[in-house]
Structures are given as C-alpha cells and as structure tokens.
Amino acid sequence: MSSPDNSSLTQHPDRFVRRHIGPRPEEYPLMLGTLGLDSLDELVAKTLPDTIRGGKPLDLPPALSEREAMTELAGLASLNRVFRSYLGLGYSDTVTPAVIRRCVLENPGWYTQYTPYQAEIAQGRLEALLNFQTMVLDLTGMQVANASMLDEATAAAEAMTLCHRQLDKKADGKAYFISERCHPHTIAVVQTRAEPLGIDVLVGPHESIDFQQTPCFGALLQYPTSDGEVLDYQPLVAAAHNAGVLVTVAADLMSLLLLRAPGEFGADVVVGNSQRFGVPLGFGGPHAAFMATRDEYKRQIPGRIVGVSKDVEGRPALRLALGTREQHIRRDRATSNICTAQVLLAVIASMYAVYHGPEGLRRIAARIHAQTLALARELTKLGHRVRHSAVFDTLRVTPACGAKTVLATAQAKGINLRQYDDGDLGIALDETVDDADLRDLLAVFGDTRMPVPIALPQDTGIDASLRRTSGYLQHPVFNSYRSETDLLRYIKRLENRDLSLTSSMIPLGSCTMKLNAAAEMFPISYPGFAALHPFAPAEQAMGYTQLCERLESMLAEITGFSAVSLMPNAGSQGEYTGLLVIRAYHRARGEAHRNVCLIPVSAHGTNPASAVMAGMKVVVVACDEHGNVDLADLQTKIDQHKQNLSALMITYPSTHGVFEEAIRTICQRIHDAGGQVYVDGANLNALVGLCRPGDFGGDVCHLNLHKTFCIPHGGGGPGMGPIGVAAHLAPFLPRHPFATGGGTQGIGPVSSAPLGSASILPISFAYIRMMGAEGLAEATKLAILNANYIAKRLEAHYPVVYTGKHGLVAHECIVDLRGLKHSANIDPDDVAKRLMDYGFHAPTMSWPVAGTLMIEPTESEPLAELDRFCEAMIAIREEIKEIETGRADTHNNVLKSAPHTAEVLTRDDWNRPYSRERAAFPLSWVREKKFWPSVSRVDNVFGDRNLICACPPLEAYAD
C-alpha cells in the first residue's frame, strides 16, 4: 500500500466543489458516452468556438473549504462596527421575530423557490404575497398594490413614469416636481431615471410650488418628510389635481399605523419600503419596497400583482394577474424593465404583520412615537432647538453647543446621527430603542442629570386632522396567529404548498436554478453584515469595503473587465445601468446623437425595455435558421444607423441556447461603426472559467449574481445585477450621494443604497472562494454537459430546436412542442401542468420560441435527477401519443386535466377515462417523493376579468 501524497494532506479532503456539482466524476464517462465524446475537454472544444476560449486559467485565490470560507467571512463581518444608528432616511433597525428568521429567511423551502409563474405549485408564496398586498393597501388607503418592488427610490422613479404615461401626450413639455424634503437618495435616483427620458425634474420647496403657473405632470412628496415633520398635504394635493397633476407620496409604512392614510388625502400613487417590518438593515438590502395606486391605473403599475381567481374545480386559487407583464414583457412597449421583485423580503414583512397583528403593530408604532416626543421634550429642556413639533419618529435638532461637540460624544458612545449641511442633527428612532438608549442620546446632547426612567407622554402630539381613524388589517389572517405554535404551523402550511429546490430540480432555461449552499447562506445572518445601516460612515463598514473590493476584483477577473459596480440590485437594473454608462460615454465624446440600440431577436426579453428606459431607439436584428445573429441583416442595420449607433445588446450564449461562432466578428463590426457592445450576462453560467466577455469584444456586461453566482431566487427576488466595464467606460460607473466611489464622471445612482442589496453579496463571495478557478471551470463544463445529456436523451421524443455546428447546445436546450397542437391538441401549458404530477416545475415555456420548452438543468443537479426528469418528459410524450392514436380523448385526458390534487383524486365520484393511480403516480419513483399541487389548474381569464388583489373575505372560500 502506497503512502499518501503529503501535499494532499495540507487541505481538508472534503472539497466544496464536490458538494456543489451534482454528477459524480465517475459518472462523467457515462454521460459523455451518451454524447459520443471521450472527455470534458472534447465537449468544450466542440461546444465553444475556438476563437473565444481562454488560454489560461483564471487568476483567483486558492479554493477554501466551507469552514475556512465561513471563518474568513466571519472575520470580514467583525471588521464592521455596528453602531446604534439613528440616521433614518428610510432605513430603521427592527426586530425580526425568531420564528420568521428561522422558518423563512433561513429556510431553503422559502429562499430556493422560483418566481410563482406556475401558480398551482406556488399557492403558499402567493398567499404570503397577497397578505403583503393587503397590508400595503390597508395602510396606504389605496385600491391596487403590487407584490413588491426593488427599493423605495426605484419605486418612486417607477411612479414618475407611471404618472407620465397616464397623461400621455398631455405630459409633453411638462416637468416632474419633487419636494426638496424627500430623501436625498430618492431624489437622486429619480433624477437618474428621468434624464434619459427627457423629463425635467424640478426640486424645491413644496410650500411655494404653484402648479397653475408651473406646468407639471406629477409631483413627489415625502410623508413624513425626510427630516421628520408630519404635514397636512391635502390642500397641496387638491391644488395639484386642479392643475391636472398626479401626486405620488413616499410614505413610511410604520407611521401609517398612526397617521392618516395617503389615499385618504388624495394621493394617486403611494410608494415606500417595508424594511422596518422585520427585515434586517443589511447595509441597504435586499428589502421589499411597495407601490400602491388607484384602480384606474392597475394596468400601468409595474411589477407583479397577485390576484384571486379560481381553479377548474371552482375553488379559490391565487395567481399572478394581468398577464404577468414583466415576464411576458412587451419589449420596447413594456411599462418597466423590472423583472425582479423582492419576494422573500415581502414574505418576511407580511409575516411580521401576521405575527403582530393590527393591535401589536399599533403598539409598536405608538411606543416609537411616544419615545420620540419624550426625547424632543427632554432635548428642549436642555436648551436645544427641536425644529418640528408634529413628528412621528424623527427629530431635527439644532444643538445649542454646536454639532461638532455632540458628534464627538456620539462617536465615543457608538451612536450615529444624521448630519445636515446647516449644522442640524437628525435622530430617527425605531422599535429597538429602549430607555437606556434614550438616556444615552440625551447624554450625547450634554445631559448630566441623574439618570432616571424617561416618562413617555400619552398624547400623540399630532393634530387630530392628521391622525389615523380608519381601520386596517381586519382580515382573519392578521388576527389568528398569536402564539408561536400557530404561526410556525401557518408558515409551514404555506411552505408545503410550494415546490422549491428542496423538492426537485427546477429546470428553467435562462433562470439558472442552481444550488444555494448552506455555507454560502449562513454568513448573511452575521450581525456584522445584517445590522449595518447603509449610510453608516465608511470607517464603520471596513468589512463590507474589503469584501466588496475583493468581490469586484474576482468578478473582473472572471469576466475580463477593468472595473465592476455592485450598485444595481437586479439583472434588469444592471442592463439599465450598463446602457446609461454607454450613453454617458458617447455624450462625453460629443456624440450625444448616438441613440440607436441594435438588439437581436435572440436577446434576453428585458433588453428592449431597458434600452427604451435609457433613452435609446430599439432596432431589431434578425436571426438565421440556426438561431445565430443574421450577419447580413446586422450589417444592413449597422449601415442604416452608423451615424447614430450607440450599442448592440447581445446575450451570450444566446437565449436560443447556442454559442455564436461569429461573436468576435459581430463585436468588431459594432466597434468599427463607433458603437459599444453590451453583453447580457444572463447566460454567464456557460462561460465562467472557459472564456471572458471582456476578451471577445464586450464593453459592458451585467452579472446575475442570483443565477451564476448562487444568490437564491427567493421566490422571485432577491437579485443582484452588478456590471463589469472596460477601462474606457470605468469613469462613468454610477455614483451615490451617501458614498465615495464610482466613476469620476459617473452617472447618478440607480439604487437606494450605494451597494444595492449588500447583505447578500457574501453569498457570491463565498461561492467563488470555495470553488476557486478550477472548480468554477468544472462547474461550467458540467452545466454544459448536463444540458447536452438532457438534449440527447430527449431528442428522439422532442426535436431540439437549435444546436451548434457539432450538434451540441450550450448550458440550456430548447425542445419543440409546436407540432403537438395539431397532432394532439396539446400545448406547452398542458405539458407544464402534467409535469407537476411527476413532481417537477416546468421549464421556461414558449420563450424565446413560441410553442417550446427551454430547459436548463445547471451543474448542481445529480445524474439521477436528470434521469428522472427525462423519464418524466418521455412518459408525457407517450401519454401524448395515446391522444394522437385515438387511445385517449382529445379533451378529457391526463394532460388536459393536470395537475391532479389529492382532493380530486380522493373523491367518490371519479369518472375520468384513466385511473386515479395513473393520474397521481405515473411512474414508480413518483410514489417515493410525491409533491401534491394544492389547487387544480387555475382559471387565468376569470382572474383577469375579476381582479382582486387583497385578501378576500372567508365567505369566498366557503362558497
């Protein structure tokens, strides 16, 4: 017996790469043999064009074990100094109930779910989101709410464009007014969004705006104001309406438990952030923002709306309403390019409301308010000037001794206060504040009195006309789960209605539903990452600074770019940011006229909408019969628009699932015409470690950290979409008013917080550190192998639409179902619903090619799971053959009636022409891991015709 190699004993033998990649190395030959190949290197050689393959491994640090990575991240978290932050500005410390933290935030049954486009296997999440919408509607006093937005500032920007669309041509030449007492970062993000659309933004005192004299189409107000004052906006809103101006109110959700609802004083749109409803600060995100509006604007509100419908059995069922605009996006006519909400965080916020109920929430708000009034009283006694008497939780104070002395004392006590340009200081309280905190705050302002408990006033201090008198959260869901036992069971009951990665593979093309390893997820709960305010001084965030600098460096190496910005908090935001950077580059060169964006039909669905939002004109480029960009049509479009060409947006590999052989030629032609190449990074999982977009001609690329780099989809959010740019574009990376960094000629901020959703960045950092260069390259090879293995096993049953010149696909494949409509009256939706009976989520349906399924297995799925999926798809094809041959009825069959619920299968009156057993257990292994859909097929048409986006009364379920 030979001695072990001593060098192999220096590292722990259990390497993370073997946990992340599903197939075992000993299974590779079997899978490769199915393809007629001998090695992974041969697979890569026949899949990737030789003109783009990298010549050397990535220059990344050596891979760490799970324990080493968690130790490293714990060290970085410890470098962050968590002060008591009373900075406010839309962010508050909060208490996440332990049962919600353990059972939702840290539970893979919730964070590995996909967006609920397949409603029958997403009823739990949809109910939690309906609760969120109901909470928002009740507190804002509006009629329609969506199921969350990315953050408050981008929600405010979306509200601006919604108002602009409502007035259509009447809005031309009119400005958008923003009160100067809105949060500064909100103002900045709205200005960023307005500029490329040609919308003039006026920022000033709302007290002096005359809408009759100043033509405006919309206005934005903060409630309470950024410096804390509670104002009566009703006269201003009435004056705006008299002038045809629509009013958006950015509201603090907690304050609305005590203050009059914006809908009650005439607001047309209400936006805000639900972060203080139990969601950790996380240095800025992810947090679930919200948008609510009037019923007449329901078809213009961006994002997702959960609606109440019914299934084919007549039972209430939930689904995404109104055609799910942001998924089936209307290209350059879309209302928004946002295809990422913050579902996981909306679920937490809604559960926080369920946990506390209306009385508990009101008590929390009342306590915060009383503490604020008590602090104001005591500060006044000390001789300081408190600017506003009508407040909720925020004070603006003019220190009698000057701000410098107070700030020095605060620093010594570990306290952060907001600083104003005029020397005033801001104090925003939250639910974590206790009597000792109040005494420390008073001490900071020079109180040397003997510490005694601070008496809280009973009176609200708010004028009666501004107080809330209307009810809220009266639905039983907010009044039924007071014990932890009850809430635990409610959360679990909803979780059991949803198919997640804990159940089976989710083979969605372009969505990359891969392993979100526990070791990657664990650090996001470290207090050093979770408890930091996004606008804390830089010296308190050194751990985040180091983590982000190192992550940016690793991402730059992986993609071949010179600089990276982590600010965009969604893939769609990354697209938008990258295009704004290109736009700024052209303008800096005196070529502002360059506004044409070429987009192939094989590009990602959000690309055209992003281009329009960036002020560009979209010109579509055709593809050939093999799914590649049609080079002749590309050249024609280049020649037509050469003088005004701004950019090409290309997804690589394309959404058709193939590597374009001519990608270098395509990029060169764009550069020769003076344009820039934007590479959509949605499919980067097929490139990492093998080739780099920056090397084959890309100038900018966004990176879906929630796809390639393991941040979980969280039921449809969170997401992150940082961008990498070439050196000449680096000066134009976005800047933020509350942070250093960004380009020297940077565009304005695109997210509320400087680092977007910072608290989930440790996930991608951990993934890269544990995989290392070799592990990342192997993962990419296995993503390609798994996709080709599935394509090969299915090609005899379903034609594969596009392949490369060697008959291979990239990391996903498209199978053709189009002929089945004619032969058996079967469409992709029928196959999708039948897959639920086999325990699988459907692949991406009818996109990018109508009548097809796009399948992406990722590298994380084991061979046994790939085989189970293939067996299910093959068995479904045999079921379709029964219809084609007349052995099964065209309308009454297992596909048309799918999915089959336990309730349907256990009824006494079973009268279908196939057995219950075949409906429920079509293959033997289904018995071992049966997932039961909780409702039958949902009636989408009924739901759109009868839109209900709040919790219905219990009688609806009884009926």
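Analyst: Two strands are said to pair if DSSP finds at least two bridges between them, and the strands themselves (E, at least two residues), like the helices (H or I, at least four residues), are DSSP runs numbered from the N terminus. This is a predicted model, in which local features need pLDDT of at least 70 and side-chain atom pairs count only at pLDDT 80 or more, while totals for chains, interfaces and linings use all residues. Residues are numbered from 1 along each chain as its sequence is written, and side-chain values use heavy atoms, with hydrogens and water left out.

User: What makes β2 and β8 a pair?

Analyst: Strand β2 is joined to strand β8 (residues 289–293) by 2 bridges, and since the rule asks for at least two, they pair. The two strands run antiparallel, and valine 144 has threonine 293 in β8 as its bridge partner.

User: Why are β2 and β4 said to stand at the edges of their sheet?

Analyst: The open sheet has 7 strands in the order β2-β8-β7-β6-β5-β3-β4, with mixed pairing. Both β2 (144–145) and β4 have a single partner strand, so each is left with one side that has no neighbour in the sheet. For β4 (residues 201–204), β3 (residues 175–179) is joined to it in the parallel sense over 4 bridges, and serine 179 is bridged to glycine 204.

User: What kind of unit do β3, helix α9 and β4 make?

Analyst: They form a right-handed β-α-β unit, with α9 spanning residues 184–194. The word right-handed applies if, with the strands pointing away from the viewer, the path from the first strand over the helix to the second runs clockwise.

User: How many residues of α9 are buried?

Analyst: Of the 11 residues of α9, 9 are buried, and the helix is mostly covered; buried means under 20% relative accessible area, exposed over 50%, and partly exposed in between, with a 1.4 Å probe and protein chains only. Among the buried residues are His185, Ile187 and Arg193. The buried residues pack against elements including β3, β4, β5 (216–223) and α18 (571–588).

User: Why does glutamine 342 count as buried?

Analyst: Its relative accessibility is 0%, and because buried begins under 20%, the value meets the cut-off. Glutamine 342 lies in the loop between β10 (316–320) and α11. Contact means heavy atoms within 4.5 Å, and, leaving aside neighbours within four places in sequence, glutamine 342 is in contact with residues including Ser148, His287, Gly717 and Ser757.

User: Why is isoleucine 21 called buried?

Analyst: Isoleucine 21, in the loop between α1 (16–20) and α2 (28–34), has a relative accessible area of 0% and is therefore buried. Leaving aside its neighbours within four places in sequence, isoleucine 21 is in contact with Tyr28, Glu778, Ala779, Leu782 and Glu859.

User: Where do the axes of α11 and α14 stand relative to each other?

Analyst: The axes of α11 (residues 343–381) and α14 (residues 484–495) come within 11 Å and cross at roughly 150°, where axes are lines fitted to C-alpha atoms, for helices over the stretch in contact, and angles run from 0 to 180 degrees between N-to-C directions. Met351, Val354 and Tyr355 in α11 meet Leu487, Tyr490, Ile491 and Leu494 in α14. By class, this contact has 7 nonpolar, no polar and no charged residues, where Ala, Val, Leu, Ile, Met, Phe, Trp, Tyr, Cys and Pro count as nonpolar, Asp, Glu, Lys and Arg as charged, and the others, Gly among them, as polar.
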